[in-house]
Amino acid sequence: MLLIKNGRVIDPASGTDAKRDIWIDGSRISRIVPAETQAASSPSTNGETLDATSLVVAPGFIDLHCHLREPGGESSETIETGTRAAACGGFTAVCPMPNTRPVNDNASVTRSILERAAAVAATHVWPIGAASTGSRGESLAEIGAMQKAGIVAVSDDGHPIATAKLLRQVMDYCRALDLPVVDHCEDSSLFAGAVMREGVQSVRLGLRGMPAATESIAVGRDVQMTELTGCRFHVAHLSARGSLDLVRAAKKRGLQVSCEVTPHHFTLTDEDVVYDTRFKMNPPLASAEDRAALIEGLADGTVDAIATDHAPHEAALKDVEFDRAPFGVIGFETALALALELVHSGRLSLMRMVELFTIGPARVLGKKRAIAPGEAADLTIFSADHPWMFHVKQSASKSTNTPFEGRKFRGAPMVTIVDGRIVYRRET
């Protein structure tokens with residue numbers, strides 16, 4: 001039995017924002033009462049009591065988009081180290097993309113990932129399977145078999161689903177399975193060889209840039225295919241105003257379209273890019289206008305989730321010329337703190353921020369997330385004010401490719417609870 005006392009419970013599913021005491025029995029929430037209530041019928045606490053005074057108790061955070069690199073990329077990250085970093089960031093469930101080696105395009109690979117996760121993961125691991133065999137964009141992967149093995153969505157992330165014909169096949173198949181299709185929206189003909197967003201800064205640095213339309217053209221194609229097939233479609237790591245406008249319009253027409261935004265895209269812009277591969281990611285950092293649009297979308301409900309796109313790379317891969325380095329940054333441990341910057345600046349309410357980490361991503365996957373008796377005891381307890389500085393050498397991740405080294409933050413995850421077990425507790 002675990003008792004969480006005096007916490008400020010913020011639960012977007014019920015609209016609750018109040019002090020509560022929460023009892024956890026095994027892997028489930030057993031009882032919730034107002035913090036000032038001392039009911040005679042309250043269960044005894046023959047276990048641990050956690051004092052959450054001045055802390056927020058939220059449903060467990062879900063990361064819709066990450067890369068754990070296992071199998072095949074264990075020099076950069078493993079399921080064990082990646083989920084430990086996720087727990088440090090307050091996440092209770094993560095969705096690893098299928099671009100492993102081998103690609104997660106069949107039930108055997110899916111099962112091996114889940115078996116490994118069951119043995120070593122600090123959080124729930126909900127894999128996303130490949131849409132096409134080998135993510136090569138040629139033929140359908142074994143989607144039905146992978147769903148039976150445990151995938152929660154399909155994607156060829158790292159690449160767009162290659163053709164409209166293949167996308168229609170994937171969407172038709174996934175509609176029958178009630179499985180969301182997650183696309184890395186990118187027009188490959190405009191992307192080829194580019195390493196950052198096209199603009200004044202790309203010219204100044206002499207780096208090849210891709211226009212924002214690289215993304216929005218592909219989003220437009222996918223939205224039309226969603227209308228044709230009736231499938232659930234999710235835009236991965238949306239970064240451009242034009243893409244957001246298309247998603248907003250699709251939602252108004254009643255289409256099952258959703259999207260996520262990453263913390264690095266709502267925090268940084270292309271003006272922050274220097275000759276440092278820690279600032280190289282895909283989609284690339286966008287314009288200030290795009291960033292302002294993303295923040296507006298986070299606040300007004302157009303954006304469904306904040307997702308990290310945690311993409312670790314060992315130092316040897318990133319310590320090369322900008323043009324040659326792989327895309328990607330780590331993000332588990334800084335995501336909440338960066339989102340709280342929007343709260344502290346008045347651009348996002350605390351309730352809305354919690355929604356973007358909890359019921360927003362849960363809805364995309366067709367899952368529930370709530371703090372209520374009988375629900376899973378997956379909880380994220382955080383401080384909105386705790387001062388700290390991010391030092392990547394102290395990260396639980398195996399990789400250090402972050403643009404936020406040395407950044408001072410206000411607010412941090414304090415305790416992460418998965419299936420009723422405390423998997424992370426902040427020491428300082």
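## Two domains

The C-alpha centres of domain 1 and domain 2 lie 26 Å apart in this predicted model. The domain assignment of the protein gives domain 1 as 2–57 + 375–425 and domain 2 as 61–365, with bounds that come from an automatic or database domain assignment. Between them, 43 residues of domain 1 are in contact with 47 residues of domain 2, where contact means heavy atoms within 4.5 Å.

Because the model is predicted, local features need pLDDT of at least 70 and side-chain atom pairs count only at pLDDT 80 or more, whereas totals for chains, interfaces and linings use all residues. Residues are numbered from 1 along each chain as its sequence is written, and side-chain values use heavy atoms, with hydrogens and water left out.

## Nonpolar cores

The largest nonpolar core has 110 residues, of which I4, M353 and F382 touch the most other members; such a core is a set of buried Ala, Val, Leu, Ile, Met, Phe, Trp, Tyr and Cys residues joined through side-chain atoms within 4.5 Å. Buried here means under 20% relative accessible area, exposed means over 50%, and partly exposed lies in between, with a 1.4 Å probe and protein chains only. Helix α12 (residues 335–344) gives the most to this core, namely eight residues, and the core draws at least three residues from each of domain 1 and domain 2.

Leaving aside neighbours within four places in sequence, I4 is in contact with R20, D21, I22, I24, L50, A52, V57, L379, I381 and I417.

Strands β6, β7 and β8 form an open sheet in the order β6-β7-β8, with parallel pairing; two strands pair if DSSP finds at least two bridges between them. Helices (H or I, at least four residues) and strands (E, at least two) are DSSP runs, numbered from the N terminus. The edge strands, each pairing on one side only, are β6 (61–66) and β8 (124–125). Strand β7 (residues 91–96) is joined to β8 by two bridges, and V94 has V125 as its bridge partner in β8.

A93 is found in strand β7 and counts as buried because its relative accessibility is 0%. Although A93 and T123 are 30 residues apart along the chain, their C-alpha atoms are separated by 5.3 Å. Not counting residues up to four places away in sequence, A93 touches F61, I62, D63, T123, H124, W126 and R369.

Helix α7 (residues 213–229) has 17 residues and reaches 24 Å from its first C-alpha to its last, close to the 24 Å expected, the expected span being 1.5 Å times one less than the number of residues. Its buried residues include E215 and D222 as well as A218, V219, V223 and M225. G230 follows α7 and has a positive phi, near 75 degrees.

Helix α10 (residues 288–300) has 13 residues and spans 18 Å between its first and last C-alpha, close to the 18 Å expected. In α10, D290, A293, L294, I295, G297 and L298 are buried, and the helix is followed by G301, whose phi is positive, near 100 degrees.

## Cysteines

A search of the whole structure finds zero disulfides, a disulfide being a pair of cysteine sulfur atoms within 2.5 Å. For C185, the nearest cysteine sulfur is that of C259, 10 Å away, and C185 counts as buried at 6% relative accessibility. For C231, the nearest cysteine sulfur is that of C174, 5.5 Å away, and C231 counts as buried at 1% relative accessibility.
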